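Notebook open, model loaded. I want to look at one helix first, then a pocket, then a handful of single residues.

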Amino acid sequence: AAWKTYVGRPETDAARMTSISMLGTALRISGQSAEALPVWDASLALGQRHFPNAYSGMINCHNNIASCLDDLGRHDEELVLERAI
């Protein structure tokens, strides 16, 4: 519900960024890692585009993507990403 509320806001809006993170987290903890992965990919892309110096946010997104890859059994991809972090 939060995502629908904030989707129309600018990409740089803090509430929109937070709602994307909340959506990715909710999907993953509900066992929907396949659905969460593109959400985290989008969150990372937005962060890289608009907040390239927000290193903690980038690391958080990378960690969440790695966790989704692990959940999906894509361990080779996860390992490459973990080493890059």
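I started with the buried residues of α2, and these are Arg16, Met17, Ser19, Ile20, Gly24 and Leu27. They sit on the same side of α2, because the arc they cover around the axis is only 165° (the arc is taken over the directions from the helix axis to the C-beta atoms). For burial I used relative accessible area with a 1.4 Å probe on protein chains only: under 20% is buried, over 50% is exposed, and in between is partly exposed. Helices here are DSSP runs of H or I with at least four residues, strands are E runs of at least two, and both are numbered from the N terminus. A reminder to myself: an α-helix has 3.6 residues a turn, so residues three or four places apart point the same way.

Before going on, I noted that this is a predicted model, in which local features need pLDDT of at least 70 and side-chain atom pairs count only at pLDDT 80 or more, while totals for chains, interfaces and linings use all residues. Residues are numbered from 1 along each chain as its sequence is written, and side-chain values use heavy atoms, with hydrogens and water left out.

Next I checked the other face of α2. Turned away from the buried side, that face carries the exposed residues Ala14 and Ile29.

Then I looked at the length of α2. Its 16 residues (14-29) should span 22 Å at 1.5 Å a residue, and the end C-alpha atoms are 23 Å apart, so the two agree. The expected span is 1.5 Å times one less than the number of residues.

At its start, a side-chain oxygen of Asp13 comes within 3.1 Å of the backbone nitrogen of Ala15. After α2 comes Gly31, with a positive phi near 85°.

What lines the largest pocket? I listed Ala14, Met17, Thr18, Ser21, Ser43, Gly47, Phe51, Ala54, Gly57, Met58, Asn60 and Cys61. Two or more lining residues come from each of α2, α3 (33-50) and α4 (55-71). By class, six are nonpolar, six are polar and none is charged. A pocket is an open set of points on a 1 Å grid over the protein atoms alone, where a 1.4 Å probe fits and protein lies on both sides within 12 Å along at least five of seven lines; lining residues have an atom within 4 Å of a point. The space in this pocket is about 170 Å³.

Ser21, one of the lining residues, is in helix α2. It counts as partly exposed, at 24% relative accessibility. Its C-alpha is 9.7 Å from that of Asn60, which is 39 residues away along the chain.

Ala36 lies in helix α3 and is buried, with a relative accessible area of 0%. From Ala36 to Glu78 I read 15 Å, C-alpha to C-alpha, across 42 residues of sequence. Asp71 is in helix α4 and is partly exposed at 39%. Leu79 belongs to helix α5 (residues 75-84) and is partly exposed at 42%.

Notes: Polar contact = N/O pair within 3.5 Å; in protein donor to acceptor, adjacent residues only side chain to side chain. Points joined across faces, edges and corners; volume = space filled by probe spheres on them. Nonpolar A, V, L, I, M, F, W, Y, C, P; charged D, E, K, R; others polar.
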